[in-house]
Amino acid sequence: MEWDTNVEKSGLSRRQFIERGVIGAAALTALPTLLAACGGSSGGSGGGGGTTNLKVLALEPPDPTPPGGADFALDALKNWESTNKASVSYDTVPYTQIHDKIATAFASGNSPWDVSYMAGWAPEFSNNLVDIGPMLSQAVKDDMPESSFKTTTWDGKTMGAVFTLSLQTLFYNTELLEAKGIKEPPKNWEELLGYTKELTGDGVYGWVNNYGTPEGIGGTANYWMAYLQQAGGTMYDEAGLPVFNDAPGVDAVQFMVDLWNAGTDPGSISYVGVADVTNVFTAGKAAMTMNWPFTWKPASDPTTSKIAGKLGSAVLPAGAAGTASIDGADAFSVTTSAKDPELAVKLIEFYLSPEAQKEQVLKTGWMPILLSMLADPEVQAAAPNAGTLLEQAKAPYDSFITPDYNEVTLAIGTEVTKAIKGDQSAKDAMQKASDAVTEIVKTR
């Protein structure tokens, strides 16, 4: 299959890949009919005959969306509605439109939704969201990775709950590694550099990544954040000021430069998203990459991938402080205009129930956030990289979300890219990025 990178350049990023690789056009065409028959179509009532209607703003499938927004766990949703004397209706929109739709509604002071999807925007819209931390059950919290709440917490308040665990992990071509006598994936930076160099040659590169977009989730700055944590660093101090212009920050940039020189596909400097990266990787032209978990399903499909049956996954190689990753930050929040905030939280907890979470991964390919479901044998059989994700989730994964995330990541990613291209040193990149982010923080 030929990926549409023109759409990728318009901002669909990782989601364009899942759209092309996980759910076929026929399924998407049939979905509205299926949902209508089950009472869960976009904009319609979810059924249940309840007295309170909860309206949910969600993504259109095949992006991650809840039961009723997509065709899974519909019987469970009806049971929840009946038990809670509620009905659920959905306003589903494409990913490229949802941020602006949220911003416009909140700016008008008349948000129509009780529950709203968030993708790292909770800090940005915190004035319009409810602190659900005190209302979430401890049982749910205990079954979620600790780091999962970092993307939805701002000013000490929990503004949402992540419902799909989307961490970057290592993907590798087992055939290419074995051909070089490499029996295991790299466990640390030193091995990753060595393997990358050894695997590069004869039209194949040891590593591929996307550095064509500096900002946002999955941009150059986001990858640097993973390396920053692996090196033992962090972005901000307790006062919210940048502290990454230090040894770990410089080491993270230098490692990206070293990885580039060791044998990163030179096209990486222009690849704008994971669709571009996956084209190269699934064509067998790169031996290793870091990517989102839903990569597994299409990369294992012989109709879309030349490496089907040759795919391995592992936690990201460790730096001085160990392994660490970044999070895609798909979450649901309760708006301040919610008719019944406690009922809205109960709905989010339904989305986080074991039944809904298992159906989510089995029917849509989007991983559960619950640790118990990641360890479930049926889930691991259907998604073999679930075990890797479970292991990666034990380590830090902070995307350092702030209200000005786009500006911050643009400033950092731009300077890191210059270092990768050899236009400046890693030290200079961190100094300039720190200066720029300091000015951005001062205007919050």
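1. Ala 329 sits in the loop between strand S10 (311–314) and strand S11 (330–334). Helices (H or I, at least four residues) and strands (E, at least two) are DSSP runs, numbered from the N terminus. The phi angle of Ala 329 is near 65 degrees, a positive value in a residue other than glycine. Ala 329 is buried, at 1% relative accessible area. Buried means under 20% relative accessible area, exposed over 50%, and partly exposed in between, with a 1.4 Å probe and protein chains only.

2. Some ground rules. This is a predicted model, in which local features need pLDDT of at least 70, side-chain atom pairs count only at pLDDT 80 or more, and totals for chains, interfaces and linings use all residues. Residues are numbered from 1 along each chain as its sequence is written, and side-chain values use heavy atoms, with hydrogens and water left out.

3. On confidence, pLDDT is the predictor's confidence in each residue, from 0 to 100. The mean pLDDT of the protein is 89, and 89% of its residues reach 70 or more. Residues 1–50 need caution: pLDDT stays under 50 there. For that stretch the model has 114 contacts beyond four places in sequence. Contact means heavy atoms within 4.5 Å. Where pLDDT is low, the predicted coordinates should not be read in detail.

4. Now the overall make-up. The secondary structure comes to 19 helices and 11 strands. Of the 444 residues of the protein, 60% count as buried. Take the contacts with a separation of 6 or more: residues 24 or more positions apart account for 74% of them.

5. The loop between strand S1 (52–59) and helix H4 (74–84) contains Pro 62. The peptide bond from Pro 61 to Pro 62 is cis, with omega near 10 degrees. Ala 73 has its place in the loop between S1 and H4. Phi of Ala 73 is near 55 degrees, which is positive in a residue other than glycine. Ala 73 counts as buried because its relative accessible area is 8%.

6. Helix H8 (residues 189–199) meets helix H10 (residues 247–263): their axes come within 7 Å and cross at roughly 20 degrees. That makes H8 roughly parallel to H10. Axes are lines fitted to C-alpha atoms, for helices over the stretch in contact, and angles run from 0 to 180 degrees between N-to-C directions. Angles under 35 degrees count as roughly parallel, over 145 as roughly antiparallel, 65 to 115 as roughly perpendicular and the rest as oblique.

7. The H8 and H10 crossing is right-handed. A crossing is right-handed if the near helix is turned clockwise from the far one by less than a right angle, and left-handed if anticlockwise. From H8, the contact uses Trp 189, Leu 192, Leu 193, Thr 196 and Lys 197. The H10 side includes Asp 251, Phe 255 and Leu 259. By class, this contact of H8 with H10 has seven nonpolar, two polar and three charged residues. Ala, Val, Leu, Ile, Met, Phe, Trp, Tyr, Cys and Pro count as nonpolar, Asp, Glu, Lys and Arg as charged, and the others, Gly among them, as polar.

8. H10 also meets helix H18 (residues 405–420), with axes that come within 9 Å and cross at roughly 40 degrees. That makes H10 oblique to H18. H10 passes H18 in a right-handed crossing. Val 253, Met 256, Val 257 and Trp 260 of H10 face Val 416, Ala 419 and Ile 420 of H18 in this contact. The class count for H10 with H18 is seven nonpolar, no polar and no charged residues.

9. H10 packs against helix H19 (residues 426–442) at an angle of about 125 degrees, with the axes 8 Å apart. H10 and H19 are therefore oblique to each other. The crossing of H10 and H19 is right-handed. Gly 249, Val 250, Val 253 and Gln 254 of H10 make the contact with Ala 426, Lys 427, Ala 429 and Met 430 of H19. The contact of H10 with H19 has five nonpolar, two polar and one charged residues. Val 253 is listed in the contact with H18 and in the contact with H19.

10. Gln 230 is found in helix H9 (residues 220–230). Gln 230 counts as buried because its relative accessibility is 1%. Not counting residues up to four places away in sequence, Gln 230 touches Trp 189, Leu 316, Pro 317, Gly 319, Ala 320, Ala 321, Gly 322, Thr 323 and Ala 324. Trp 189 is also one of the H8 residues that meet H10.
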